[in-house]
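Hello,

Here is the structure I promised to pass on. My notes follow below it.

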Amino acid sequence: MMRLLGIGVLALLLVGALIVLGQTGAFDTALNKMSGGDRQRVNDYQLAATRSFDASGSDVFVTQVDTDAPLILSGLPSYANASYLMPADARPVSGIYRLNFSSSVAEGVEGALRVSINGVRRADLLLTEGIRREGVDIELTPADLSASELDIVLSLQGRGEIAECKLDDTIAAVVEVAPTSGVRLSLNGPIETSRDKLALWGNRVPVAWSNSAEPAAGLRSIINASRLSAKGYSPRFVPNGITGDELGALTKEAAPRRASFVPDAYPVPLVSEPSNRGTRTFGRRVSWRYRFAERDMPGEVLPAALDLRMLIGPQASDLRRDLTVTINDRLLFSRRISNDTERLNQSIIIPASAQRGDNTLEITLSATDGSSVRCGDIEQSVAELLPETVLRGGSEKAADALSTLRASLRTGSTVTLTGGKLTSSDAAAASQLLASLNPGALEFASSGARSNIRIAAGDVASAGAGAAPAGEVWVVYSSAQEGREIIARPLSELGASEVPAVALFVTVPRLASAQSQAATTEQ
């Protein structure tokens, strides 16, 4: 009996101790130590960027252009670019560039986060060992305030002392730029014009959306959002956005943004992407990337070749440097560069078969001392991608299924758009799919059209089974693979395992489709 009583008392003491530990947080602290540290939260970057809109009064917050993903710099050296469009009608009087970031730096690293604005170095922020959250305000100069665009180049510079031999993928420092970073401006008046609003929002346009909105009004918003997407903007479906006539007027007034990145004619310089400009100092590896969509190239003609022009600094005699060029992770070119090479002139064929709707061209220059492990760093090298590095056009146009479908839609006089109630996320996905069909060239009507586009979300398989047989039915959806490539294919060819959550069912006249395919074949 006494033994049972003792066990009961001990149990009560243990329960009491657990309650005390839970109230004081000691249990959580111990658990964190056992699991390797505090849990970190990674927020929705796009939503956080949308919430940063601030157009009230004459003090505004200019958001970054093209912020579909966070800016992350990893390794020494590494580079990132952020652009900010300045208002044209309400003029800036003063302003700051506010940079908020988190850093994770390994022991023994000596380096800095460098900030340049419109080609002028403005700050070198010392990297501190450990995990930290930091920020800095950089006052804008009169030259900055009078510019039409601010080009911010961020780079990690330095080197790390690695005591032990480790594999080449060791990362000495990582910096993530927070979505609260941006340009704070004081203006001589409030924002009133459409072009100033578009500059303030970066490339994002807040489109009003309610999950209980009437389908007809929602479809008009989706059409406008898709046309903005086709012009190079990124609509965000939010509760407190613009809608109706205001959204329609803004869509008409918005100038195509892609023209600032892709010229009207070939050749297309790779330094039109700001992050590719200037010299690069590196140890073992450095890369330049250029992303392009087939539909955005001049005349929708595919690039046929890359003319690569690069300056390369001197190197130590015991180093070997290699050049590789890839597109969509497919190897286009590779060669060993001799020690006495100072200028690289190389033309590289880009097969049409290696290209797709959205493409990533990557140029990588690597150096090695012949060791398979990394024991410290190697001698620094320098290289610059010259403005003469260009993409040259060929004679082939995109002949994929999506291009065929776009041509079929253009042959019809009008198009109807139908669909039920959608969530804001489904509406955003539908507008992106519709943007791939070149909605600026389509005339939408409520009835009597020869072609029909139906938005389906949720039970897409059932919606496809009930598709009208009056014409040829295609399905347009986003791939689940990395890159989210938009795919178009006849409904009859859609496998059960490929059924997406959001899709467009496009019905086109069979005759129009056949004529389009024949024209494509003749080319």
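The largest nonpolar core has 76 residues. Tyr97, Leu154, Leu437 and Val506 have the most contacts inside it. A nonpolar core here is a set of buried Ala, Val, Leu, Ile, Met, Phe, Trp, Tyr and Cys residues joined through side-chain atoms within 4.5 Å. Buried means under 20% relative accessible area (1.4 Å probe, protein chains only). Helix α6 (residues 215-230) gives this core its largest share, five residues. A second, separate core has 29 residues, among them Val268, Leu323, Ile327 and Leu344.

This is a predicted model: local features need pLDDT of at least 70, side-chain atom pairs count only at pLDDT 80 or more, and totals for chains, interfaces and linings use all residues. Residues are numbered from 1 along each chain as its sequence is written, and side-chain values use heavy atoms, without hydrogens and water.

Now the sheet. Five strands form an open sheet with mixed pairing, in the order β23-β24-β27-β25-β26. Strands (E, at least two residues) and helices (H or I, at least four) are DSSP runs, numbered from the N terminus. Two strands pair if DSSP finds at least two bridges between them. The edge strands, β23 (415-418) and β26 (486-490), each pair on one side only.

Strands β24 (residues 451-457) and β27 (residues 502-508) run antiparallel, joined by six bridges. Alanine 457 stands opposite valine 502 in β27. Helix α9 (residues 424-435) packs on the sheet and touches β23, β24, β25, β26 and β27; contact means heavy atoms within 4.5 Å.

Best wishes

Methods: Axes fitted to C-alpha atoms, helices over the stretch in contact; angles between N-to-C directions. Buried < 20%, exposed > 50% of the residue type's maximum accessible area, 1.4 Å probe, protein only.
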